Amino acid sequence: MADRKILTGITADAFTSDTDRWALDKLKRVPLLPMVIQKFHELGIDRWMYCYNMSMSVRCGKDQYGSLHAILQESCRVLDMPEPELYLTSNPFPNALAGGVERPYITLQSGIINNLTDEQLFHLMGHELGHIKANHILYFSVAAVLIPLLDLLGKRTLGTSDLATFALVLAFYEWSRQAEFSADRAGLLVSQSRDTSLSALLGMTAGPNRFASEQNVEAFMDQARTYQNAEPLDQLGKMLLFTAFGKYYTHPMPVHRAQELDRWLTGGAFDLILEGKYEGAPKATAGV
């Protein structure tokens, strides 16, 4: 494993994106949200989700998938945070999730283990830990369970209008996309390598395949810049596609994620954090 700098005392403010803050503030202003969160707690849905995850996954530890557990432990040391539970579940789709409002956990799908190297898994683990450290889990959990229920039963069970339900759904989708940029930054803070983090994003975009050794990070970044700088007619098409479908995506476009992460790194914030210049960093003491 690489020799990583430990970011003692670091808070989520160090890596939370401005768009994440903006979208969360917008979400909190939706009048229906407090009622939804109250129902989430009243029904004990967090406990249901925790129990379901445990029933369908294998919990990792020093005696069970010790290599994955060691990656989690090192990642938690870097981000200076308590260790959540770690699970592995059988699913060929390369993905991972963080859950558990009261008892945080991370669940890795088997497809992502086969798709990423050990070093790339540090980025993935940091990404999911970033969600936990930034207190994203409550809103993700509410969206995962109650938004479909609101869509089906909203007016009858909560006395709300279709318009209020629709506004809440859109606000959740918008925030969830922006939250991914913050988590990607946390992934980079753990991997502490531009190429490792970007290659992890590339690998998750391409998926498991036998030509993975031919992946090229710089070619992927060229693709991202081409997408961003598209011709006017293509830009219009992108806007129309987003209006029709993209507003319901929970994650930003992969090429956009890669470009935003690279911009954050080259903007200097990443280097400042590794130098110990962040809120919560230990203060230097003068020599006697």
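**Reading a sheet and a helix**

Biologist: Which residue of β4 does L97 stand opposite?

Modeller: L97 stands opposite T107 in β4. Bear in mind that the model is predicted.

Biologist: How do strands pair, and how do β3 and β4 run?

Modeller: In general, strands of a sheet pair through backbone hydrogen bonds, and the pairing is either parallel or antiparallel. In this model, strand β3 (residues 96–99) runs antiparallel to β4, and four bridges join the two. A98 is another residue to look at, with I106 of β4 as its bridge partner. The hairpin of β3 and β4 has five residues between the strands, and G100 there takes a positive phi near 85°.

Biologist: How many bridges join β2 to β4, and which way do these strands run?

Modeller: Five bridges join strand β2 (residues 85–89) to β4, and the two strands run parallel.

Biologist: Why is β4 described as largely enclosed?

Modeller: Five of the five residues of β4 (residues 105–109) are buried, so the rest of the structure largely encloses this strand. Y105, T107 and Q109 point one way, I106 and L108 point the other way, and all are buried.

Biologist: Next, a helix. What is the length of α12, and what length is expected?

Modeller: Helix α12 (residues 254–266) has 13 residues and reaches 19 Å from its first C-alpha to its last, close to the expected 18 Å. Just after α12, G268 takes a positive phi of about 105°.

Biologist: Which residues of α12 are buried?

Modeller: An α-helix has 3.6 residues a turn, so residues three or four places apart point the same way. In α12 the buried residues are V255, R257, A258, Q259, L261, D262, W264 and L265.

Biologist: Why does R257 count as buried?

Modeller: R257 counts as buried because its relative accessibility is 12%, and the cut-off is under 20%. Leaving aside neighbours within four places in sequence, R257 is in contact with H127, E180, F181, D184, L201, H251 and P252. R257 and E180 are 77 residues apart in sequence, yet their C-alpha atoms are 8.1 Å apart in space.

Biologist: How do α10 and α12 cross?

Modeller: Two packed helices are described by the angle between their axes and the distance between the axes. The axes of helix α10 (residues 217–228) and α12 come within 9 Å and cross at roughly 105°. That angle is why α10 is called roughly perpendicular to α12. By class, their contact has seven nonpolar, four polar and three charged residues. Residues of α10 in this contact include F220, M221 and Y227, and those of α12 include P254, V255 and R263.

Definitions and conventions
Residues numbered from 1 in each chain as written. Predicted model: local features only at pLDDT ≥ 70, side-chain atom pairs only at ≥ 80, totals over all residues. Heavy atoms only, no water. Expected span 1.5 Å × (residues − 1). Buried < 20%, exposed > 50% of the residue type's maximum accessible area, 1.4 Å probe, protein only. Pairing = 2+ DSSP bridges. Axes fitted to C-alpha atoms, helices over the stretch in contact; angles between N-to-C directions. Parallel < 35°, antiparallel > 145°, perpendicular 65-115°, else oblique. Contact = heavy atoms within 4.5 Å. Nonpolar A, V, L, I, M, F, W, Y, C, P; charged D, E, K, R; others polar.
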